[in-house]
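Biologist: Please take a close look at one pair of packed helices. Which residues meet, and how do the axes run?

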Amino acid sequence: MAKQNVVIIGSGVFGMSTALWMLKESPEKYNVTILEKCTTVPAPDAASTDINKIIRAGDYADPHLAKLSVDAVEHWKQPEWQGCYHESGVVCLSGDDPAGRAFVDASYANCKAMGLEPNYVRTPAEIKGCWPKGLQTGAFARRAGYHNTVGGWGEAARSIEIGLQRVKDMGGKVRGGAEVVAINRSGRKVTGVTLKSGEVIPADLVVVAAGAWTPSLMRSPGIDIRMPESEVIATGQCVAMVKVEGEELALHNKAPVVFNLDNGYYIFPPTKDGIIKMAIHGAGYTSCTGETCDDSKVSLPRTKLTPGAENGALPVEAVKAMRKHLEDHYPYLARKPFVETRMCWYCDTKTGDWLVDYHPDYDNLVLATGGSGHAFKFVPIIGREVKSIIEGTATDEFKNRFAFTPGTDKGADFAIQGNQDSKRAIASEAWMRSSLHSAASVGGQTYDNETFRPPASGEGDYHVSDNSDGKGGAARVLDLGQVLVLDVVLLWVPVHVLDPAQVDYEGDALAGGQGGLVFLTQANFQVVVITGGNSGTGYATAKAFYEAGAKVYIGCRSEERANTAIENIQRGGLPNLWGKWVYKPTARPEAVGTLTYLPLDLSDFDSIDNFVAAFKQRESQLDILYANAGIMATDEGQYTKQGHSLQFGTNVLGHQRLIKQLIPTLQATARAKGTPSRLIVLSSQGHIAAPPGGVHWDSLHKGGKVLDKWADYGQSKWGDLALSRYVAKTYGPGTRGGQDGAIISTGIHPGLVATNLGTHLNGYKVMRYTPGFQHGMQVDTYTGALNQIWVGQLAEHDAQNVNGKYVSCYQVVAPQRPDLYEDVKVDRVWDWCNAQDRKNL
């Protein structure tokens, strides 16, 4: 009998394993060719080309899959898989969610029925006992589950490589760069495939095993073959990694895999290189070619091989969720930067069951796909099951369960009912349509809550909003006339409603604005630098982020004043309008961050350089840089240590030197976290008092023209906005400089604030210490800090809308002076600062 020519489209789990079993069991029957569209095999962007995957033994609520998974583990242990399987054990947990607990209980019962010896853990102490002594874990409050010592994880990419090599050793062909553009047909018979190169490959049997690319392949113009009415769709799942070394690595090597059945979070022991991978198995994200992912549209995987997605950026909400879960499991790892992130693309079915069946319209076309995030563990045997379908020897359970039109509507796997604040569901019955999609930002534009589309080449990466309910949403836009009127009105309207004697903070740091207060309740894992953080709006900003869990670095000249500020912040102190301190300790002392003083004099290059060196010794991460410090209307004829005009030299030149040296750290953090870092520059409406053109260049050095103190102040505030605009247009999202890590940069006007900034001025002295004037003319420091705190905690898609903009009182985008929209003038400020920098380095 002549051999059948079998063409398998896809070199991943289903494709490789099917070829392996065909050639292993029936070499006399089949000639097998695997076609992979990617030139590199295995495809580097495939879900299976990963550092590791979970291998569970019996940990299914469904008895059939539980039995199949135990069989797979026995095959993993065979020599041909060359030690890819690592038996670390698996801890399966759930919170109070009834579906999650029911899944845990059913899985536990199945493990026991198959002769495994899982250990049920009902208390935090029992859960912690699953880890080696000396390894610090989270509290695991209100969680329970079991520890299965059988199972663990597999080296994913290496396993696929080994399997494909075995296919070739047994006479099969594996072709890279062979993209299929047509499945050739004659009536009910498939005759072969056509490649993008034009080559036609005849076939007696075609197996479509293209993973997440299956839906788009089947709906492509050259194929256009219907898929099941029960939805099959490509979804992106979020993956992140941290690195451990030394003692941490030695301890974690003995840790189990942890899988949470209620929120989908799972985390591995480290690889030999110290990489700890984590992910969230959830409803995922779609990248659709149309307005919605309905039955007429396609979700197309957007991977590191997709132009514009090379850096593996993740949705902001997913990054935050993984950070929170990481802290819940290993608190001391939570501040580590992610060394890599990626979107892992699954082919999901509505029920979570695989799709392995002949296509009902063709006699020799087989679909082997729909892994739904739980196919890899079956690599050694899943091809055996596909082969049984092809040859008609499959059990009724398998045939019905994984049919084109399944005979059961029960799901294969997870009973995860919710995913934190996103309200997504992965109920085992019908989660896909109700909850798969999420609001998102693409190239600076916000799309609806049905779907997001990949940006065109060059538009940059998407980031899902973590603020989709609009709370604290985008800033309003005013024209110049409105801003001038508003500034005057704000002097007389009692907007200082945040006087600490009047407001119950309930332990939350306020970052409010128009239309109600916004609570900055969580800045965990953020590192924030604030110049001038010892007083005024800088103090209020430092207090807000400290109480929300950030690591805050305060840069100022006086160690004594810095230590006093730190003590006051830790006591919950805020000055009211008359300078009286009101103390209200945070209601959540366990949630606070840290406060660190580093000496910084912005009028001295040496001090700036020392600050940067000291900061970089302590941190490799910087999420937000507040260029907050400044001086105002100092007496004429004063100069910095390097001989520059004191106001411009401090407010502009000093900050530029600081910003420039910290840009690499801001960018590195943006790359690690997959979301832009922030630069927030405190300016003033006083920038409109700058000389024509923005800066009187002859006034900036000792011996040059001496400007009036207010004109000099005006040009320094104009220069601050120029710095902000320069960084925005040079390193912002979508820019060439931003490709190495984007920075969102915003200028701020705080309003007329009761600080010590103008206490040397006679008029300010009267207003500062005269209650009547004070109440009518100024706002307290916390109200004055609202804009800069608000911008610092904006969701990314809203923050992109204020990149390069000027935010005025309160939560409104205001126009800048027209000459700030001229790039040549903005560039000149940055270039002039660089020139002074070179003279003094």
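**Helix 16 against helix 17**

Modeller: In helix 16, Gln647, Phe648, Asn651, Val652, His655, Gln656, Ile659, Ile663 and Gln667 are in contact with helix 17. Their partners there are Lys709, Asp712, Tyr713, Gln715, Ser716, Lys717, Gly719, Asp720, Leu723, Val727 and Tyr731. Contact means heavy atoms within 4.5 Å. By class, the contact has eight nonpolar, eight polar and four charged residues. Nonpolar covers Ala, Val, Leu, Ile, Met, Phe, Trp, Tyr, Cys and Pro; charged covers Asp, Glu, Lys and Arg; the others, Gly among them, are polar.

This is a predicted model: local features need pLDDT of at least 70, side-chain atom pairs count only at pLDDT 80 or more, and totals for chains, interfaces and linings use all residues. Residues are numbered from 1 along each chain as its sequence is written, and side-chain values use heavy atoms, leaving out hydrogens and water.

Now the geometry. Helix 16 spans residues 646-673 and helix 17 spans residues 709-731. Helices are DSSP runs (H or I, at least four residues), numbered from the N terminus. The two axes come within 8 Å and cross at roughly 15°. Axes are lines fitted to C-alpha atoms over the stretch in contact, and angles run from 0 to 180 degrees between N-to-C directions. So helix 16 is roughly parallel to helix 17 (angles under 35 degrees). The crossing is right-handed: the near helix is turned clockwise from the far one by less than a right angle.

Elsewhere, helix 1 (residues 13-25) packs with helix 5 (residues 156-169) at about 35°, with axes 9 Å apart.

Note on methods:
Helices (H or I, at least four residues) and strands (E, at least two) are DSSP runs, numbered from the N terminus. Angles under 35 degrees count as roughly parallel, over 145 as roughly antiparallel, 65 to 115 as roughly perpendicular and the rest as oblique.
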